[in-house]
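Look at the sequence and the 3D structure shown here.

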Amino acid sequence: MRRAASDTPTLRDDSEDEHTSEEEMNNAGLETRKATSPAEDDLKVERRVFDEEYISSRLLHRKERTPKTVGQRVADRFRCSSERAKSVVLSLFPILSWLPSYPVKEYLLGDIVSGLSTGVMQLPQGLAYAMLAAVPPVYGLYSSFYPVLLYTFFGTSRHISIGTFAVISLMIGGVAVREAPDSMFPLNGTNVTGFDIDARDARRVQVAVALTTLVGLIQLFLGVLRFGFVAIYLTEPLVRGFTTAAAVHVFVSQLKYFFGVRTKRFSGPLSVVYSLIAVFKDITSTNITTLIVGLVCVVFLYGVKEINERFKKKLPIPIPGEIIVVIVSTGVSYGMSLSENYQVDIVGNIPAGLQAPTVPDFSILPNLVADAIAIAVVGFSMGISLAKIFALKYGYSVDGNQELVALGLCNFVSSFFQTFAITCSMSRSLVQESTGGKTQIAGLLSSLLVLLVIVAIGFVFRPLPQTVLAAIIMVNLLGMFKQVRDIPALWRTSKIELTIWVVAFVASVLLGLDYGLLVAIGFALLTVIYRTQSPRSVILGQISDTGLYCDTDEYEEAAECSGIKIFHSNSSIYFANSDLYVNSLKEKTGVDPTQLLAERKSRRKHAKTKSAEKKDSSPSPAQKKSTVAKLDMELGVAHEVLDEAQTQLDALSNGQVGEAQAESDSEEARFLQPLCPVHHIILDFTPVNFMDSVGAKAIKAVIKEYATIDVRVVLAGCSRTLLSDLRTLQFFNEPVTPDIVFPTIHDAVLHCKQRGARLSCPAVQ
């Protein structure tokens with residue numbers, strides 16, 4: 001089988017460069033031609049080896065640009081034209097981009113069915129989630145009308161269902177309970193136990209409305225400043241761990257309604273533990289009728305959900321189990337007088353009609369800033385994540401900044417009409433999409449259905465048992481609890497993301513949703529720092545007859561180049577990891593200049609000591625002459641023989657001097673040899689996105705340090721942005737020059753091989 005032609009760039013010597021034509025030099029010496037093989041895709045590339053000095057002086061020239069003044073920039077920013085005005089209007093009112101071309105015959109029927117289905121689902125959820133927000137149920141209906149209506153005009157997603165959501169409602173309820181606890185509203189009279197429910201509820205409504213106003217302002221502010229990217233800091237494992245913890249909070253908060261026991265509502269750290277303790281302390285006072293009604297509703301709703309899931313392709317629309325439960329249980333409660341005869345807690349008064357707009361109580365805003373920021377970010381994160389899923393599925397785009405503006409307007413404007421903060425609901429959004437919804441016309445119709453209930457038939461739901469709403473909430477949490485399945489999947493794929501999930505869950509359960517979210521975000525950012533400080537460092541080797549370089553420990557075909565070490569670390573270099581980068585470089589290459597210089601110094605010192613010992617132990621010529629004469633006299637040798645002995649002694653002495661001189665020359669030659677067989681180290685900067693001044697100084701110090709042991713360090717794979725940063729940091733000055741920077745690893749390897757071949761050191765050759 002014929003091997004494909006090599007794509008290795010040809011290394012030219014100086015004589016070839018002298019004969020290179022001017023045109024070829026201007027074209028970077030690049031030639032692509034057909035190989036001798038008949039294969040169509042068999043090409044050969046020949047060019048000279050590039051370094052940064054050649055590239056910057058011969059190949060690339062910066063465009064001349066005249067910098068604009070501040071006045072010109074401001075004028076360009078605020079210059080008005082018809083096209084720009086149209087773009088601004090369409091971005092602020094996205095409905096105008098699709099409503100004029102709305103295909104009535106294709107979309108209208110699907111939007112009507114979807115709107116009615118979503119509205120039927122919106123009604124019981126609005127009533128139920130108001131309980132989570134610690135406000136009367138009717139305010140859940142208000143929150144299911146005004147924001148949905150506004151989002152139709154300002155939102156960019158065509159499929160998400162805006163309205164009440166369990167997690168946001170629970171966060172609002174925690175703030176409302178904290179700012180207006182039961183103890184603030186005692187009944188008049190010293191011997192009367194209990195509290196004024198009407199006064200308490202009125203105050204909690206004020207807190208929830210003021211909090212919603214502040215949430216809307218924060219979202220508007222972030223949207224105007226184009227801060228839509230803030231959602232990226234809420235990674236998917238963090239959000240899923242956080243929402244699973246929120247499901248635990250929601251489930252525990254509904255236990256008292258489900259069992260019919262009367263306990264106080266807790267907020268803050270360990271509120272879940274306190275709530276469980278309070279419920280189980282009063283478990284003996286469970287209202288059996290309330291428990292039976294709740295259990296029947298849970299079983300029915302769970303069965304309906306399973307049927308909808310299993311037969312979703314055969315059912316034209318999902319079975320509206322929630323509205324069925326609400327209507328039937330309301331009729332049963334009214335017919336059997338469950339409130340009077342069995343002391344079952346019911347929804348109670350639902351005022352008919354809409355309330356007049358009122359100004360929120362701004363005096364309590366300073367106490368709500370931290371909570372408002374958390375709710376604003378969480379609400380936007382959930383909304384934009386679901387919106388992007390539907391946009392990707394149906395081939396349109398959503399604008400994160402406009403979504404912030406839309407949610408901000410929905411919350412801010414609606415708060416003047418006594419609503420609490422909203423976001424999109426996953427369950428309702430899936431229903432709206434699966435029942436044929438194509439645009440936000442479906443959302444508009446669902447809001448009109450809620451308006452009909454508020455204005456005309458709201459009083460019908462007064463006998464509705466609260467345990468039914470608790471059952472609706474609990475069954476709707478099943479999807480969130482199923483997120484626990486993420487744990488084994490993350491264990492197999494990413495231990496760090498698993499840790500983020502677990503920390504977000506545990507912190508949110510124990511510390512509360514507000515502090516838990518802060519801890520989770522902080523921990524997620526710490527994992528980023530950990531990854532940059534613990535990068536994977538490897539030595540690269542060349543794949544034979546190619547310009548490819550891979551990890552030598554990972555691939556059998558990757559072989560190190562003789563005398564060259566190619567170091568790769570998948571991280572940028574900055575103040576937090578520059579020392580770690582240098583230490584890893586010395587460890588992986590096995591070349592530590594400090595250690596090698598210390599060894600050379602030790603060997604030299606040892607050699608001097610050994611030479612001195614030899615000199616002291618050898619006898620002088622006078623001593624040798626005296627010894628020979630004394631020996632001859634004892635043996636009776638004639639005087640003339642001493643002259644012959646003297647001649648022999650001189651010859652012997654001259655021979656020792658010659659040997660000593662040869663040994664000295666050999667020792668000197670040994671010290672002149674390189675300290676290690678490596679003559680070049682290539683730093684692969686392909687993964688390096690940025691480098692600060694500390695990192696640049698560390699790399700310069702490494703280059704100088706290796707130069708002391710005759711090892712040359714070169715850089716490969718630097719991006720143009722990184723090179724620009726290095727020039728700004730004055731990285732390229734003696735002894736570091738641009739000719740040590742190469743565009744690819746292969747260019748650097750060819751340069752190092754050529755330079756290494758010219759070295760006269762036998763150890764390298």
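## Residues with positive phi

D710 sits in the loop between α30 (693-707) and β10 (712-716). In this predicted model, the phi of D710 is near 65°, which is a positive value in a residue other than glycine. Most residues other than glycine have a negative phi. D710 has a relative accessibility of 61%, and because exposed means over 50%, D710 counts as exposed.

S337 also has a positive phi, of about 50°, although S337 is not a glycine. The loop that holds S337 lies between α15 (321-336) and α16 (338-342). Is S337 exposed or partly exposed? Its relative accessibility is 27%, so S337 counts as partly exposed, since that class covers values between 20% and 50%.

## Helices α17 and α18

Two packed helices are described by the angle between their axes and the distance between the axes. Helix α17 covers residues 369-394 and helix α18 covers residues 400-415. Their axes come within 10 Å and cross at roughly 125°. The crossing of the two helices is right-handed.

Which residues make the contact? On α17 they are G379, F380 and I384. On α18 they are G400, E403, L404 and L407. Sorted by class, the contact of α17 with α18 has four nonpolar residues, two polar residues and one charged residue. The glycines G379 and G400 count as polar in this sorting, and E403 is of the charged class.

## Cysteines

How many disulfides does the structure hold? The number is zero. A disulfide would need a pair of cysteine sulfur atoms within 2.5 Å.

C718 has a relative accessible area of 11%, and because buried means under 20%, C718 is buried. C550 has a relative accessible area of 25%, so C550 is partly exposed.

## The chain as a whole

The chain has 32 helices and eleven strands. There are 765 residues in the chain, and buried residues make up 46% of them.

The contacts can also be sorted by separation in sequence. Among contacts between residues at least 6 apart in sequence, 80% join residues at least 24 apart.

Notes:
Residues are numbered from 1 along each chain as its sequence is written. This is a predicted model: local features need pLDDT of at least 70, side-chain atom pairs count only at pLDDT 80 or more; totals for chains, interfaces and linings use all residues. Side-chain values use heavy atoms; hydrogens and water are left out. Buried means under 20% relative accessible area, exposed over 50%, partly exposed in between (1.4 Å probe, protein chains only). Axes are lines fitted to C-alpha atoms, for helices over the stretch in contact, and angles run from 0 to 180 degrees between N-to-C directions. Helices (H or I, at least four residues) and strands (E, at least two) are DSSP runs, numbered from the N terminus. A crossing is left-handed if the near helix is turned anticlockwise from the far one by less than a right angle, and right-handed if clockwise. Contact means heavy atoms within 4.5 Å.
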